[in-house]
Amino acid sequence: MLSTPSSPLSVLVIHGPNLNLLGQREPGIYGSVTLEEINSQLEAEAMKLEAKISAVQSNHEGVLVDTIHAARGQHQGIIINAGAYTHTSVAVRDALAAVKIPTVEVHLSNIYQREAFRHHSYIAPVAIGQISGFGAESYRLGLLALVHHLRH
Ligand code: CA2
């Protein structure tokens, strides 16, 4: 559905593998906020921006590809934290390139301060931008940037 003055911008938020464990393990790296809390915060922020979000989490690469394909005609923008698939998945990158929906890549941790294998992102070249290192706030900043991009 295209956005009209009577229908708010719709943003698809995609969380990749293991992010369902947020708040339950490794709080030193990923913080203590749960995925549910991140989604609720994003919903509240989206409302302020007169937008809406739909959030999906999957541990499966093919499900992420299918979710990106299904976004065509439904959502005007995508926020994606592809988790470890950021660094491995040509399939997720090709799906984003194919649907041509403006996408912001987000990461909780600063991937450039971590192991070398996390420094490369297959998604960055097909995203409008990347936000990395601000914990749960990365998602909120990503939403602000995406909505600003879509409206200006
Ligand atoms: O910093 C990020 O957001 C990452 O996308 C998180 C991925 C990691 O592979 C990327 O390099 C950077 C890992 C997500 C794992 O999430 C967990 C959450 C709680 C406990 C264990 C894993």
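Biologist: How far is a polar side-chain atom of His 107 from an oxygen atom of the ligand?
Modeller: This is a predicted model. In it, the distance between a polar atom in the His 107 side chain and a ligand oxygen is 2.9 Å.

Biologist: And what is the distance for Ser 109?
Modeller: An N or O atom of the Ser 109 side chain lies 2.5 Å from an oxygen atom of the ligand. Arg 118 also has a polar side-chain atom by a ligand oxygen, at 2.9 Å.

Biologist: How much of the ligand does the protein bury?
Modeller: The protein buries 95% of the 510 Å² that the ligand exposes when taken alone.

Biologist: Which residues come nearest to the ligand?
Modeller: There are 17 residues around the ligand, and the nearest are Asn 81, His 87, Leu 108, Ser 109 and Arg 118.

Biologist: What classes do the residues of that shell fall into?
Modeller: Eight are nonpolar, six are polar and three are charged.

Biologist: How much space lies in the largest pocket?
Modeller: The largest pocket holds about 400 Å³ of space. It is lined by 19 residues, of which Pro 17, Asn 18, Leu 19, Tyr 30 and Arg 118 are closest to its centre.

Biologist: What about the classes in the lining of the largest pocket?
Modeller: That lining has nine nonpolar residues, six polar ones and four charged ones.

Technical notes
Residues are numbered from 1 along each chain as its sequence is written. This is a predicted model: local features need pLDDT of at least 70, side-chain atom pairs count only at pLDDT 80 or more; totals for chains, interfaces and linings use all residues. Side-chain values use heavy atoms; hydrogens and water are left out. On a 1 Å grid over the protein atoms alone, a cavity is a set of points where a 1.4 Å probe fits but cannot get out, and a pocket is an open set with protein on both sides within 12 Å along at least five of seven lines; lining residues have an atom within 4 Å of a point. Grid points are joined across faces, edges and corners, and a volume is the space filled by probe spheres set on the points. Ala, Val, Leu, Ile, Met, Phe, Trp, Tyr, Cys and Pro count as nonpolar, Asp, Glu, Lys and Arg as charged, and the others, Gly among them, as polar. A residue is near a molecule or strand if one of its heavy atoms lies within 4 Å of it. A polar contact is a pair of N or O atoms within 3.5 Å; within protein, one must be able to donate a hydrogen and the other to accept it, and residues adjacent in sequence count only if both atoms are side-chain atoms. Accessible areas come from the Shrake-Rupley method with a 1.4 Å probe; for residues, only the protein chains shown count as cover.
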